[in-house]
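Dear colleague,

Please keep the sequence and the model open side by side while you read.

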Amino acid sequence: SIILTLSLTSNAKDKKKVTLEESMEWLKEKVSTNGSFTGACTGEAKLEGTLSISSIEGCKITFESTLAKKMGGFNQVKIFTVDMKNIEPSKILLAEKTIENCTYDSKPSYINLTTTNGNDISVRLKDYAKNTQKTYDINSETIFFNNEDVAERSAKALKHIVKLCNDNEPF
């Protein structure tokens, strides 16, 4: 008699599922090392932008964006909180954006984040040049990176974060 032994192996290696916490930490690190740009505008000494993540609470990410369009120091700070549960994954898109009459040392890459319904992004804007401060809600906001590859990978990470934030199934 012949004994036949069948062994089944998976072609796909056991892929580790990346958790929400790991995804958020990866994004925070990429933003801290790549969330900036520099350039110059006509009639102005320099243009600088920085982006950081100031806090992560569950699925809520608070970004801080600064923009300087004049000589020295920043003149605008925008702090905005995004609940990733409310972001439409199909609308996490790489975007082209330029500031008129400006050139960049390295062209920034932008990611648009759009909410699923309504104005779910809370913004605080402080303009030091005008000495004004205002708070408002919007349905779309843009984050930026100094590296196109990192922007593309960050867009994928953001989509993964949205999925994890909206996945109520434990398994």
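Leaving aside residues up to four places away in sequence, Ser54 touches Thr62 and Glu64, where a contact means heavy atoms within 4.5 Å. Before going further, please note that this is a predicted model, in which local features need pLDDT of at least 70 and side-chain atom pairs count only at pLDDT 80 or more, while totals for chains, interfaces and linings use all residues. Residues are numbered from 1 along each chain as its sequence is written, and side-chain values use heavy atoms, with hydrogens and water left out.

Ser54 has its place in strand β2; helices (H or I, at least four residues) and strands (E, at least two) are DSSP runs, numbered from the N terminus. With a relative accessible area of 42%, Ser54 is partly exposed, a class that lies between buried (under 20% relative accessible area) and exposed (over 50%), computed with a 1.4 Å probe on protein chains only. Ser65, in contrast, is buried at 14%, and it lies in strand β3, which covers residues 60–68. The two serines, Ser54 and Ser65, are eleven residues apart in sequence and 9.9 Å apart in space, taken from C-alpha to C-alpha. Not counting residues up to four places away in sequence, the contacts of Ser65 include Thr50, Leu51, Gln76 and Phe144.

Strands β2 and β3 belong to an open sheet of seven strands, with antiparallel pairing and the order β6-β1-β2-β3-β4-β8-β9; two strands pair if DSSP finds at least two bridges between them. At the edges of this sheet are β6 (102–104) and β9 (132–138), each of which pairs on one side only. From one strand to the next, the twist averages 20°, where axes are lines fitted to C-alpha atoms, for helices over the stretch in contact, and angles run from 0 to 180 degrees between N-to-C directions. Helix α1 (residues 20–34) packs on the sheet, where it touches β1 (36–41), β2 and β3, and its direction makes about 160° with that of β2. Within the sheet, β4 (residues 76–83) and β8 (residues 121–127) run antiparallel and are joined by six bridges, and Ile79 has Arg124 as its bridge partner in β8.

A further open sheet is formed by three strands in the order β5-β7-β10, again with antiparallel pairing. Because β5 (93–95) and β10 (140–145) each have a single partner strand, one side of each is left without a neighbour in the sheet. Three bridges join β5 to β7 (residues 109–114), and Ala95 has Tyr110 as its bridge partner in β7. Helix α2 lies across β5, β7 and β10, running at about 20° to β7.

Which cysteines does a disulfide join? It joins Cys59 to Cys165, with 2.1 Å from S to S, and a disulfide here is a pair of cysteine sulfur atoms within 2.5 Å. This pair links distant parts of the chain, 106 residues apart, with Cys59 in the loop between β2 (47–57) and β3, and Cys165 in helix α2 (residues 148–166). Cys59 is buried at 12% relative accessible area, and Cys165 is buried at 7%.

Finally, a word on confidence: the mean pLDDT of the chain is 84, and 84% of its residues reach 70 or more, pLDDT being the predictor's confidence in each residue, from 0 to 100. Over residues 6–13, pLDDT stays under 50, and the model has zero contacts beyond four places in sequence for them.
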